Each structure stands twice: as C-alpha cells, then as structure tokens.
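Here is a briefing on one structure.

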Amino acid sequence: MDHSGHGMDMDLPPFTLGRGLHFSADPFFLIGCVLAVLLYGYGVLRLRRRGDEWPVGRTVLFVIGVLTIALVMCTRLNDYGMVMFSVHMVQHMVISMLSPILLLLGAPVTLALRALPVAPRGTKGPRELLLMLLHSRYMKIVTHPAFTIPLFIASLYGLYFTPLFDYLMGSTAGHLVMMVHFLAVGLFFFWPIMGVDPGPHRPGYVMRMLELFAGMPFHAFFGIALMMASTPMVEVYKDPPASLGIDALSDQSAAGGIAWAFSEIPSVVVLVALVFQWYRSEQRTAKRSDRAADRDGDQELQAYNAYLASLQARGQ
C-alpha cells in the first residue's frame with residue numbers, strides 16, 4: 001500500500017515520544033484548530049466589550065481541547081499513525097474520547113448564541129439559523145442515545161473489523177474523513193451526557209450516567225479482542241516498515257491495551273463533570289426554592305400586617 005500521498009517518509013526511525021511530537025501538520029486540521037481558537041476568542045472578546053462575563057475555565061478547557069486535536073493531527077504522531085497501529089489508536093482515542101469532552105466543557109454553542117447579534121425582525125441571521133438547527137428534528141435524532149450509542153460502538157467494530165478501515169487508510173482524503181468522523185462521533189456521544197450547551201436531548205443525571213456506561217464496556221471489549229488476537233487483524237498494519245523495528249502482533253497488542261485503558265479515562269472525567277453539574281443544579285434549585293419561600297413569607301407578613309392595620313382602624 002502506498003503512503004506517499006500523506007507526504008511522509010516511509011523510512012521512519014523507531015518511534016519515540018520526542019520524535020512523535022515534532023511539528024508535521026495536516027493542513028485541514030491545522031487550519032481548523034487555528035480557526036476554532038480565533039472564533040472562540042472573538043466571541044469572548046465581544047462579550048467582554050459588551051460588559052458581559054464569560055468563565056475563564058470554559059475558555060481554558062476549550063483551548064486545551066483544540067490543542068489535543070493539534071497534538072495528534074499536526075505532529076509526527078500523524079505520520080507514525082499511518083504505519084503503527086498503536087500510535088493510530090492513540091490518535092483515535094484522543095480525538096474521539098478526550099478532545100470532545102474538553103471542547104464541550106468549553107460551551108462553544110452557548111458562547112456563539114450569546115456573542116452573535118440578533119437579526120432584525122423578519123430576517124434570519126447566523127444566530128437564528130443556529131437556533132433552528134439546535135431545535136431541528138435532525139439534531140433530535142443524532143443526539144438521541146438510540147443513535148449515539150450504536151454509532152459509538154459501530155465506529156470501532158464496523159471500522160476496524162471490516163475492509164472499510166483499509167479502504168479509508170488508502171488515501172489522504174479517506175484518512176481525513178475517518179479522523180473527522182471520530183471527532184464528530186465523540187461530540188455527538190458526549191454532548192447529551194455532559195455538554196454544557198443546550199441540546200434537544202437532555203435527560204436527567206442518572207440517565208446520563210447510564211448512557212455513559214452503556215457505551216464504555218464495548219471499548220474495553222474491543223481492546224481486549226485486539227490484545228488476545230493471535231494474528232494481525234488489520235491489513236494495513238500487517239507489514240510495518242523494517243526501519244521501525246517493531247513486530248506487527250506486539251504493536252497490535254499495544255493498540256488494544258491503549259483502547260482498553262482509554263475506556264476508563266473519559267469515564268472518570270465525565271463522571272466528575274456530571275457530579276459537579278448535578279451539584280450546581282441542585283444548588284440553583286435550592287436557591288430558587290429559598291427565594292420563593294422568602295417571597296411567600298413576605299406576602300404572608302404583609303397580609304398579616306394589613307389585617308392588624310384593618311383591626312386597628314375598626315377599633316378607632
């Protein structure tokens with residue numbers, strides 16, 4: 001198979017973390033990452049100029065999320081990922097399970113809705129179109145667990161255990177489509193579970209935890225299947241370049257270990273985020289109840305004072 005379309009040297013030296021982090025940008029992801037940070041920064045700036053606040057933590061999380069994408073797609077990790085199953089699996093796990101969580105905690109849709117200007121009456125601007133998309137039937141379908149969980153699972157088993165993976169890895173465009181797909185699947189899977197942004201499907205917190213745990217075991221099973229296989233299971237990684245000095249089967253086992261381990265990391269991060277959101281939600285509910293109770297108490301006190309005043313007036 002020809003990898004020359006990816007603009008990389010087939011005689012890669014043995015992989016080390018230092019070599020893997022050398023700059024080697026995929027143009028599509030480089031432009032996308034830069035644009036994402038610039039647009040987000042512009043949105044925050046618009047709010048600040050208007051006198052509105054935007055949490056610094058959200059900005060930090062969003063930028064780190066973009067940097068994780070750049071880390072796996074704009075360095076030599078992307079080159080090594082074309083010939084090493086283990087490095088490719090790092091790319092897949094980061095871009096589908098870590099980057100989406102960080103991006104969603106940055107609340108980019110909420111920022112866009114607050115920063116975009118309201119269109120004049122009778123017209124539709126970017127803000128109105130975004131709201132229409134959020135409330136569309138399409139978004140209700142793609143964020144429903146009956147869609148997101150099977151898609152999340154199929155992205156593993158339906159891709160790696162069929163000829164589709166080899167077909168996509170055969171061209172630059174195919175590889176690009178696959179990576180964009182991984183990112184999109186991660187965003188759609190985690191958005192209803194722990195996203196801060198408004199969405200058409202937003203179940204209660206217990207249901208969100210069930211959705212999370214419904215998908216994660218399949219990641220672990222997938223990793224174990226790769227680790228226990230006695231023959232290479234993916235055609236494109238059967239004959240790694242001799243310059244790498246690696247064995248295809250041991251590299252596949254390492255890829256399985258990475259997939260298995262990564263199923264635990266997002267679970268912990270998302271659970272912490274969910275518990276924090278749940279706590280914040282309960283606090284807000286309690287404050288609203290207290291305010292309502294105070295209002296009711298004030299009304300009762302006013303009514304009682306009025307009653308006393310009427311008695312006094314009658315006595316006089």
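A disulfide is a pair of cysteine sulfur atoms within 2.5 Å. The model is predicted: local features need pLDDT of at least 70, side-chain atom pairs count only at pLDDT 80 or more, and totals for chains, interfaces and linings use all residues. Residues are numbered from 1 along each chain as its sequence is written, and side-chain values use heavy atoms, without hydrogens and water.

**Cysteines**
- The whole structure has zero disulfides.
- Cysteine 33 is in none; the nearest cysteine sulfur, that of cysteine 74, is 5.2 Å away.
- That 5.2 Å is too far for a bond.
- Cysteine 74 is buried (under 20% relative accessible area; exposed is over 50%, partly exposed in between, 1.4 Å probe, protein chains only), with a value of 4%.
- Cysteine 33 is also buried, at 9%.

**Confidence**
- Mean pLDDT (the predictor's confidence in each residue, from 0 to 100) is 83 for the chain, and 88% of residues reach 70 or more.
- Helix 3 (residues 56-73) is highest, at a mean of 96, and helix 14 (residues 265-315) is lowest, at 69.
- Helices are DSSP runs (H or I, at least four residues), numbered from the N terminus.
- Over residues 1-9, pLDDT stays under 50.
- Where pLDDT is low, the predicted coordinates should not be read in detail.

- Serine 86 lies in helix 5 (residues 85-105) and is buried, at 9% relative accessibility.
- Beyond four places in sequence, serine 86 contacts (heavy atoms within 4.5 Å) Asp251, Ala254, Ala255 and Ile258.
- Helix 12 (residues 205-228) has 24 residues and spans 36 Å from first C-alpha to last, close to the expected 34 Å.
- The expected span is 1.5 Å times one less than the number of residues.
- Buried residues in helix 12 include Tyr205, Met209, Leu212 and Phe222.

Note on methods. Helix = DSSP H or I, 4+ residues; strand = E, 2+ residues; numbered from the N terminus.
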